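Biologist: I am new to this structure, and I would like to go through it step by step. Please start with any term I need.

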Amino acid sequence: MDAKERHELKDNDLAEFLQNFGDFWNKHGNSISVVILVVLVAWIGIRFYNNMQATNHENAWADLASTSSPQGYRERALEDTGFGAIQEIALLRGAEQYHQKAIEHENEDTAVPLPGMLTFEESLKNAEAMYQQVLDSKSDPVFRANAAVGLANVAETRGDFDAANTYWTQAEKLASDARLGAIAAQAKIRLGMLDELKQPIVFGNAAQTAPVTPDDTANEAPDSSATDSPAEADAPAAPVETAEPAAAPADPGQ
């Protein structure tokens, strides 16, 4: 077969392919176009969604970093429900600040709190609720172990040492299972201290003897043997100085 024949054969094959492709496209072209369009739209949509999620994630971290109040952390936790770690961190930080406020107001008169100021018990309840939300979640064990530690501290502040024992035990187990050595060690130490914390603090009296009254001292005679030395006891008493009588006036008649 010479070159001319081979060239003619290739031309025939190409013409046949184009003819078959034309027939195929006329029959299935619309369906293929729809499939291609759907795939393209889906790809663009996925890329847009991923970019939007990444932007929202960065904004959420920025909002968390700029938050400083317990109320702000609570709002962050409500808004950032799609980002587990950010929500858990916001809850833990907010709960810690509520607990700190309770400690600061523990010895203050909260019967009539100032406007906008929470009482001791209200602050503890807010801290407890936020810690409990983290503990009840299915988040990373490090967050749940920290939440159990927070609940134990809240219970100790309230004086409920039975609840504190429960939460410290739970914190130790969570930390041990997740190989969080520092938290496990802290929980173990605090469990050993609970018996001492339960004991009330008793302040001793500054003076163990009854005070001496002035009447008692007035009636007591001084003990010369205790105060005078032997030399002083043998020494003669010093003469008592008295005023000399004035000379009688001279008689004018003399």
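Modeller: Happy to. A helix here is a DSSP run of H or I with at least four residues, and helices are numbered from the N terminus. Please keep in mind that this is a predicted model.

Biologist: How many helices does the chain have?

Modeller: There are zero strands in the chain. Read from the N terminus, the elements run α-α-α-α-α-α-α-α-α-α. The number of helices is therefore ten.

Biologist: Is G192 buried or exposed?

Modeller: A residue counts as exposed when its relative accessible area is over 50%. G192 has a relative accessibility of 54%, so G192 is exposed.

Biologist: How many Å separate the C-alpha atoms of G192 and N165?

Modeller: Along the chain, G192 and N165 are 27 residues apart.

Biologist: Thank you. What percentage of the residues in the chain is buried?

Modeller: Buried means under 20% relative accessible area. The chain has 254 residues, and the buried share is 24%.

Biologist: Which residues does Y131 contact, leaving aside its neighbours within four places in sequence?

Modeller: Y131 is one of the residues with the most contacts inside the largest nonpolar core. Beyond its neighbours within four places in sequence, Y131 is in contact with L92, A95, E96, N146, A147, G150, L151 and V154.

Biologist: Which element gives the largest share of the lining of the largest pocket?

Modeller: The largest pocket holds about 210 Å³ of space. Its lining consists of L92, R93, E96, H99, Q100, Y131, N146, V149, G150, N153, I183 and Q186. Helix 3, helix 5 and helix 7 each give two or more of the lining residues. The largest share, five residues, is from helix 3.

Biologist: How many residues of the lining of the largest pocket are polar?

Modeller: The lining includes four nonpolar residues and two charged residues. The number of polar residues is six.

Biologist: Is A90 buried or exposed?

Modeller: A90 has its place in helix 3. Leaving out residues up to four places away in sequence, A90 touches L64, Y73, R76, A77 and M130. The relative accessible area of A90 is 0%, so A90 is buried.

Biologist: Why do the buried residues of helix 2 line one face of the helix?

Modeller: The buried residues of helix 2 are P70, G72, Y73, R76 and A77. They line one face because, seen down the axis of helix 2, they fall within an arc of 155 degrees.

Biologist: Which exposed residues are on the face of helix 2 turned away from its buried side?

Modeller: The buried side of helix 2 includes Y73 and A77. On the face turned away from that side, the exposed residues are L78 and E79.

Biologist: How many Å separate the C-alpha atoms of V134 and A147?

Modeller: V134 lies in helix 4 and is buried, with a relative accessible area of 0%. Among the residues that V134 touches, not counting those up to four places away in sequence, are L91, F143 and A147. V134 and A147 are 13 residues apart along the chain, and their C-alpha atoms are separated by 6.1 Å.

Biologist: One last question: where is R179 found?

Modeller: R179 is a residue other than glycine with a positive phi, near 60 degrees. Its relative accessibility is 79%, so R179 counts as exposed. R179 is found in the loop between helix 6 and helix 7.

Terms used. Residues numbered from 1 in each chain as written. Predicted model: local features only at pLDDT ≥ 70, side-chain atom pairs only at ≥ 80, totals over all residues. Heavy atoms only, no water. Core = buried A, V, L, I, M, F, W, Y, C linked by side-chain atoms within 4.5 Å. Buried < 20%, exposed > 50% of the residue type's maximum accessible area, 1.4 Å probe, protein only. Contact = heavy atoms within 4.5 Å. 1 Å grid on protein atoms, 1.4 Å probe; cavity = no way out; pocket = protein on both sides within 12 Å on 5 of 7 lines; lining within 4 Å. Points joined across faces, edges and corners; volume = space filled by probe spheres on them. Nonpolar A, V, L, I, M, F, W, Y, C, P; charged D, E, K, R; others polar. Arc of directions from axis to C-beta.
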